[in-house]
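Here is a friendly briefing on charged side-chain pairs. Take a look at the model, then read on.

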Amino acid sequence: KNNGYDAWLRYDKVKDDGLASQYREWTAEIVASEAAVEGPVASAIKELQLALPRLIGQTPKLVEEKAASKRFLAIGTLNSFSYVEEAVQGPIAALNDDEGYLLKTITAADCSYLVVTGKTERAVLYGVFHLLRLMAQGESIQSLQLAEQPKYRLRMINHWDNMDGSIERGYAGRSIFYRNNELLVDSPRIVDYARLMASIGINGIAINNVNVHRAETFLITDKLLPQVAQFAAIFRSYGIKLFLSVNYAATIELGEVDTADPLDPRVQEWWKQKAEQIYSVIPDFGGFVVKADSENRPGPFTYNRDHADGANMLGEALKPYGGLVLWRCFVYDCHQDWRDRSTDRARAAYDHFKPLDGRFLDNVILQIKNGPMDFQVREPVSPLFGAMPNTNAVMEFQITQEYTGQQRHVCFLIPQWKEVLEFDTKVKGDGSTVKEIAAGSIHPYAHSGITAVTNVGDDDNWTGHHLAQANLYGYGRLLWNPELSSEQIAEEWVRITFPDSDAVQQLLVKFLLESWSIYESYTSPLGVGWMVTPHYHYGPDIDGYEYSKWGTYHFADHKGIGVNRTVASGTGYTSQYEPEHAARYESLETCPDELLLFFHHVPYTHVLHSGKTVIQHIYDTHFAGVERVEYWIERWKELAGEVDEQRFAHISGRLQEQLENSKEWRDIVNTYFFRKSGIADEKGRTIY
Ligand code: GCU
């Protein structure tokens with residue numbers, strides 16, 4: 001095991017003697033009547049038994065009834081206690097959520113105790129992870145009164161893992177779930193993975209790629225379901241529901257019905273039986289994730305049916321068991337003719353789905369990517385989000401750094417996600433933020449929340465780059481509480497993941513917080529996106545997608561650059577936003593600089609709000625981006641000796657690679673635009 005394996009659950013020894021003895025006093029005895037029964041409370045106890053010896057060198061004693069000591073820890077669901085009820089009932093009743101918990105120090109006549117409780121076992125597990133996080137951060141637990149509940153109901157992770165062990169867009173090794181078309185049911189990593197996910201509040205995980213190929217189509221058959229059920233059992237003990245991505249044409253692919261027409265009764269019946277079969281082995285199965293009629297995947301279009309027909313057919317099948325259908329909206333024409341300037345990929349999701357509002361069943365949820373394109377370093381917020389008041393929705397983010405440096409570059413994505421969440425769509429007037437829409441508080445959705453494509457693989461440290469763990473950690477924390485600032489999240493993560501040192505703390509937090517903007521500065525400018533090596537999406541290739549079928553263009557010529565998405569003279573995409581945003585994006589005067597080239601085609605000499613011309617902005621940011629990487633490499637060197645050698649060397653190596661690659665970006669982008677425009681850099685720097 002390497003030094004990244006434990007990730008943020010390291011439980012390094014508490015250095016402060018005073019705190020350590022305080023923790024010892026409160027945790028010497030743990031009262032937990034549910035500890036013996038398999039489930040999230042038992043997992044919570046196991047976690048304490050693992051963590052406390054590491055944190056404070058003391059193994060807790062488990063007792064079922066009231067403890068003998070004057071101070072102790074009491075852990076369990078509200079129902080499991082006889083003596084604490086009064087003091088906790090009020091705060092627990094105030095939580096309107098089953099997953100909320102209470103951490104409270106209670107002083108009784110003859111003793112004091114710290115209680116961790118909630119309405120469900122899962123809540124208790126979350127509470128225990130919170131308590132451990134406090135100790136790992138060196139916070140006093142002397143007089144606690146903390147009631148917390150998650151902002152989002154669905155807090156999901158999507159794996160793009162294939163059964164051959166490969167991971168689509170994976171940058172951290174092979175799959176933790178599969179190898180050579182077998183399920184790794186005995187892998188100890190699965191339990192550790194469940195611990196990591198539960199510790200940040202994840203409650204649903206889809207374990208296979210949205211592109212469901214032949215082998216994975218069998219995950220819902222007799223052949224593989226029993227093994228899938230083994231993963232589900234592990235997840236269950238950590239409060240996590242298992243989801244599967246399914247092949248929309250499974251009926252055909254498995255040779256059982258010769259059509260996948262959603263209105264054909266044989267197809268409907270087949271899926272109903274399939275659901276019954278799945279729930280007979282996984283009673284708490286979460287549901288299906290479906291990528292249909294997208295990037296050549298099968299779907300209802302073949303039968304002249306629409307997305308609502310397809311999704312509802314699956315919804316009907318899962319409904320009796322409370323299962324969900326997460327129907328992805330990543331639907332666009334991927335066989336576009338680049339000569340055709342009127343077709344705009346950015347419009348596609350809205351154009352396809354908006355007219356279907358109100359047609360989807362209650363247990364169907366549309367899964368909408370954060371932007372209208374595809375997880376670029378900068379995109380506007382998808383106008384589809386909030387635009388369908390009568391249709392459940394979840395937001396989809398990408399933790400895996402497909403377009404943001406592939407875990408070779410440092411790119412802390414929490415600031416990006418926060419910008420998306422804070423975006424006020426105005427769909428119901430001021431305050432209709434994405435953050436609230438995803439919580440189901442703007443439109444009263446039956447189901448809502450957030451999901452993301454994960455960055456995990458079987459590398460020792462899970463995420464390839466040690467610092468990429470921060471994105472996974474931060475994702476969960478943000479879903480629990482989107483009011484946390486990027487800085488708070490970064491601080492918390494660094495504190496529990498790296499040695500207790502002010503130098504490490506200060507430097508890493510600053511570096512993380514700046515990293516997204518650094519990455520943006522040396523890659524594609526002003527929101528235009530792409531310019532990446534086709535297929536791999538790593539490193540620069542300015543025209544890589546320019547004459548391709550994928551609909552991802554920048555239209556650079558000798559005069560200017562950008563995509564005209566205005567109503568006045570372009571594709572009309574701006575009209576998909578509420579009037580206030582539509583007007584803001586439509587006009588050159590008000591369009592924000594960082595999205596200028598997403599919405600407008602302008603001459604290189606166009607002057608930005610910043611006062612610079614577009615071309616000078618391109619040069620300046622590309623030089624500055626590389627300089628910042630150089631700066632942070634120098635700063636990182638200061639931490640030699642402060643961070644364990646293994647992680648220090650690994651991060652140093654990756655930073656060097658980031659530097660080399662960022663120089664490629666800088667020089668290729670600058671040279672390309674210099675050659676196109678013929679305009680020299682004002683500062684006379686080297687352009688080739
Ligand atoms: C991106 C990504 C694909 C993925 C697709 C999706 O286009 O490059 O690998 O399959 O998104 O989200 O379905």
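A salt bridge here is a side-chain nitrogen of Lys or Arg within 4 Å of a carboxyl oxygen of Asp or Glu. Side chains of opposite charge can pair when their charged atoms come close. Searching the whole structure turns up 45 salt bridges.

This is a predicted model, in which local features need pLDDT of at least 70, side-chain atom pairs count only at pLDDT 80 or more, and totals for chains, interfaces and linings use all residues. Residues are numbered from 1 along each chain as its sequence is written, and side-chain values use heavy atoms, with hydrogens and water left out.

**A link between distant parts of the chain**

- Glutamate 47 and arginine 195 form a salt bridge, with their closest N and O atoms 2.7 Å apart.
- This pair joins distant parts of the chain, 148 residues apart: glutamate 47 sits in helix H2 (residues 40-56) and arginine 195 in helix H5 (residues 189-199). Helices are DSSP runs (H or I, at least four residues), numbered from the N terminus.
- Both glutamate 47 and arginine 195 are buried. Buried means under 20% relative accessible area, exposed over 50%, and partly exposed in between (1.4 Å probe, protein chains only).

**Two further pairs**

- Lysine 291 meets glutamate 295 in a salt bridge (2.8 Å, N to O). Lysine 291 counts as buried because its relative accessibility is 5%, while glutamate 295, at 22%, counts as partly exposed.
- Aspartate 351 and arginine 347 also pair in a salt bridge (2.9 Å, N to O). Aspartate 351 is partly exposed, with a relative accessible area of 36%, and arginine 347 counts as partly exposed at 22% relative accessibility.

**A network**

- Salt bridges link Lys612, Asp620, Asp681, Lys683 and Arg685 in a network.

Definitions and conventions. Helix = DSSP H or I, 4+ residues; strand = E, 2+ residues; numbered from the N terminus.
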